[in-house]
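Reader: I'd like a close look at a single part of this model, please. Pick one spot and tell me what surrounds it, with your cut-offs spelled out.

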Amino acid sequence: MIPRHATSGPVLPTVPRWPSWRRLAALGCLALLLTALGVAPGGASPVVRAGQLAWVGRLTAARVVAQWPRPGWERLDAGRVRVVYRTGHRQGAEWVRDYALESLPRVARMTGLPIPAQPVVFVVHASPEELARTFGWDPRDPPLGLYAAGVIHVADPRTWASNRDTFARLGPVPHELAHWLLDWNTLGNYPAWFTEGLAQAVDRAVTGFTFGWAGTCPRVAWSDLNGAFASLPTDQAYGAALCLYDRLTERGGGGALPRLAEALAAGEPFAVAAARIYGVDPARLLPGGSGR
Ligand SMILES: [Zn+2]
């Protein structure tokens with residue numbers, strides 16, 4: 001997630017439809033637990049495994065809450081995409097659904113990460129300000145989208161984009177889908193900088209969108225990048241994340257990410273798995289690292 005940029009249309013009648021999502025949620029939870037508890041390879045860390053089990057619990061709870069039928073919210077289902085939206089925001093929800101259906105296979109192809117059997121859940125909030133308030137942030141500097149615990153939250157695109165093209169070009173959908181795919185395929189086992197590097201790289205490839213810091217490689221200590229990512233200045237943190245992600249991808253090639261995800265899902269610590277698969281200690285690729 002990154003705060004980025006900052007019009008309601010006719011409302012079509014809807015009939016709330018709540019198919020057997022409880023059963024699907026339960027099956028999803030079971031599948032995740034079985035995967036997490038499966039036979040771990042020699043490189044699996046008990047600490048990572050414990051974190052992955054906690055991740056399964058958090059993710060399952062958040063997804064159930066997001067989809068729980070409640071007054072003032074409705075739902076759209078289409079293939080692997082599920083959109084829960086504020087009543088009155090049907091058209092924005094359709095924009096999100098359509099662009100997510102179009103983007104998901106592209107993001108999966110580009111990253112090499114498999115699309116989970118569980119649908120990706122979007123929550124469409126009434127506006128960027130409402131989205132910010134939901135997460136306790138300053139509504140004067142709202143995000144357009146964010147990924148949290150298995151759910152992608154976005155603001156109704158019709159409140160900030162004049163048309164679908166603008167929404168596709170500037171919107172958060174491919175970026176947040178990249179976060180979702182990585183999270184599901186690793187059972188939550190990766191550092192924040194890595195998912196932000198990946199999501200920016202996906203955004204750049206799908207929409208051409210880049211931030212001002214793209215192409216820079218700010219100097220950041222490896223310990224700060226991993227231990228204090230959220231408290232670093234945004235341009236330093238996200239610039240270093242993209243730079244390091246790109247340098248790793250240069251070393252490993254296109255097929256490295258799915259192999260890395262497989263090792264991470266099996267409980268291997270990130271730094272160990274990355275060093276093995278990319279053939280280099282990631283810390284050495286940082287500006288000022290001993291390898292560059
Ligand atoms: Zn992000």
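Author: Happy to! Contact here means heavy atoms within 4.5 Å. Leaving aside neighbours within four places in sequence, Ala78 is in contact with Arg97 and Leu101. Ala78 and Leu101 are 23 residues apart in sequence, yet their C-alpha atoms are 7.9 Å apart in space.

A word on the source: this is a predicted model, in which local features need pLDDT of at least 70 and side-chain atom pairs count only at pLDDT 80 or more, while totals for chains, interfaces and linings use all residues. Residues are numbered from 1 along each chain as its sequence is written, and side-chain values use heavy atoms, leaving out hydrogens and water.

Ala78 counts as buried because its relative accessibility is 18%; buried means under 20% relative accessible area, exposed over 50%, and partly exposed in between, with a 1.4 Å probe and protein chains only. Ala78 belongs to strand β1, residues 73–78. Strands are DSSP runs (E, at least two residues), numbered from the N terminus.

Now for the sheet around Ala78's strand. Five strands form an open, mixed sheet in the order β1-β2-β3-β5-β4. Its edge strands are β1 and β4 (145–148), each pairing on one side only; two strands pair if DSSP finds at least two bridges between them. Further along, β2 (residues 81–86) and β3 (residues 120–125) run parallel, joined by five bridges. There, Val83 stands opposite Phe122 of β3. Not counting residues up to four places away in sequence, Phe122 touches Val83 and others, including Val81, Val96 and Leu177.

Conventions. Helices (H or I, at least four residues) and strands (E, at least two) are DSSP runs, numbered from the N terminus.
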